[in-house]
Amino acid sequence: MVIPFVRPACSLLEVREVGKRYDGRTVLDGVTFALQRGEIVSLVGPSGCGKSTLLRAIAGLDGDFSGEIWLDGVPQRGSSARIGVIFQEPRLLPWLTVADNVAFSAGPRRGSDPRVDELLGEVGLADARQALPKQLSGGMAQRVALARGLFPKPDLLLLDEPFSAVDAMTRTRLQDLLLSLTLAHGTAALLVTHDLDEALYLSDRVLLLAPSGRAGAGRLVRDIAIATPRPRSRRDESLAGLHTELFDGLNGIGALQS
Ligand SMILES: Nc1ncnc2c1ncn2[C@@H]1O[C@H](COP(=O)(O)OP(=O)(O)OP(=O)(O)O)[C@@H](O)[C@H]1O
Ligand SMILES: [Mg+2]
């Protein structure tokens with residue numbers, strides 16, 4: 001009898017005991033967590049605690065770390081089309097049209113790909129395909145960056161403070177857009193943010209990272225699940241309670257720092 005090979009179910013992303021030192025100083029220490037398909041997880045912590053460093057390691061932009069990072073059961077080294085990265089600033093190429101920027105991972109001047117128009121429609125920029133980045137507002141440019149991040153059909157989006165440079169109203173709209181896009185595409189997201197309300201509104205879980213340069217540096221100190229069903233109200237009382245818990249967690253860390 002032939003027994004079929006059944007691949008064991010695994011998490012989309014597994015970060016195992018990841019450590020990082022800069023100039024002899026520990027920035028990340030034994031960071032371990034898993035992220036499931038379609039899950040939205042926020043990473044919060046004081047400035048300089050290693051959030052961007054961790055994202056760069058997961059994105060494959062920095063291979064100089066200890067521990068292991070696995071994507072869908074395979075060790076992850078180097079950048080991968082399965083992981084999209086979105087930074088604080090849109091980082092669009094100024095000489096390319098919006099459409100060519102969205103399709104850039106397929107090669108230069110690939111803006112005629114039909115997926116470009118689908119994605120631009122989803123982010124509300126169907127009419128801007130021929131525009132140049134200098135003609136866009138900050139919020140529009142970040143929507144182009146979201147479309148570009150989704151163009152290669154990634155399983156995971158890594159977002160490093162993606163909405164911190166826009167005004168409050170644009171920010172809430174971009175948060176809702178991120179939710180609808182990740183849901184529509186089944187994409188998981190790991191989001192770095194300093195905004196606790198944003199983390200609680202968007203996430204299935206919030207991870208709290210302790211600061212570098214002290215005892216306990218660079219370790220995950222909280223992993224808080226948010227069970228509040230979606231669509232969520234930004235004024236939901238259960239989120240307010242979790243806000244206090246997270247704020248106290250961050251303040252506790254702040255007290256450790258002083
Ligand atoms: N290339 C580098 N060389 C030396 N030290 C670095 C380098 N990059 C980052 N660091 C240090 O590593 C620590 C973590 O930096 P990182 O940028 O990951 O912090 P962060 O949590 O993203 O901070 P912020 O919230 O301000 O963006 C900081 O103390 C920073 O000074
Ligand atoms: Mg950072």
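1. R21 stands opposite T26 in β2. Strand β1 (residues 13-22) pairs with β2 in the antiparallel sense over 7 bridges. Here, two strands count as paired if DSSP finds at least two bridges between them; strands (E, at least two residues) and helices (H or I, at least four) are DSSP runs, numbered from the N terminus.

2. A word on the source: this is a predicted model, where local features need pLDDT of at least 70 and side-chain atom pairs count only at pLDDT 80 or more, while totals for chains, interfaces and linings use all residues. Residues are numbered from 1 along each chain as its sequence is written, chains are lettered from A and ligands numbered from 1 in the order written, and side-chain values use heavy atoms, leaving out hydrogens and water.

3. Now look at the whole open sheet: its 4 strands run in the order β2-β1-β4-β5, with antiparallel pairing. Because β2 (25-35) and β5 (74-75) each have a single partner strand, one side of each edge strand is left without a neighbour in the sheet.

4. Which residues have the most contacts inside the largest nonpolar core? They are V102 and L159, in a core of 34 residues. Such a core is a set of buried Ala, Val, Leu, Ile, Met, Phe, Trp, Tyr and Cys residues joined through side-chain atoms within 4.5 Å; buried means under 20% relative accessible area (1.4 Å probe, protein chains only).

5. Apart from that core lies another, of 28 residues, among them L35, L55, I83 and L207. Buried residues make up 48% of the 258 in the protein.

Methods. Buried < 20%, exposed > 50% of the residue type's maximum accessible area, 1.4 Å probe, protein only.
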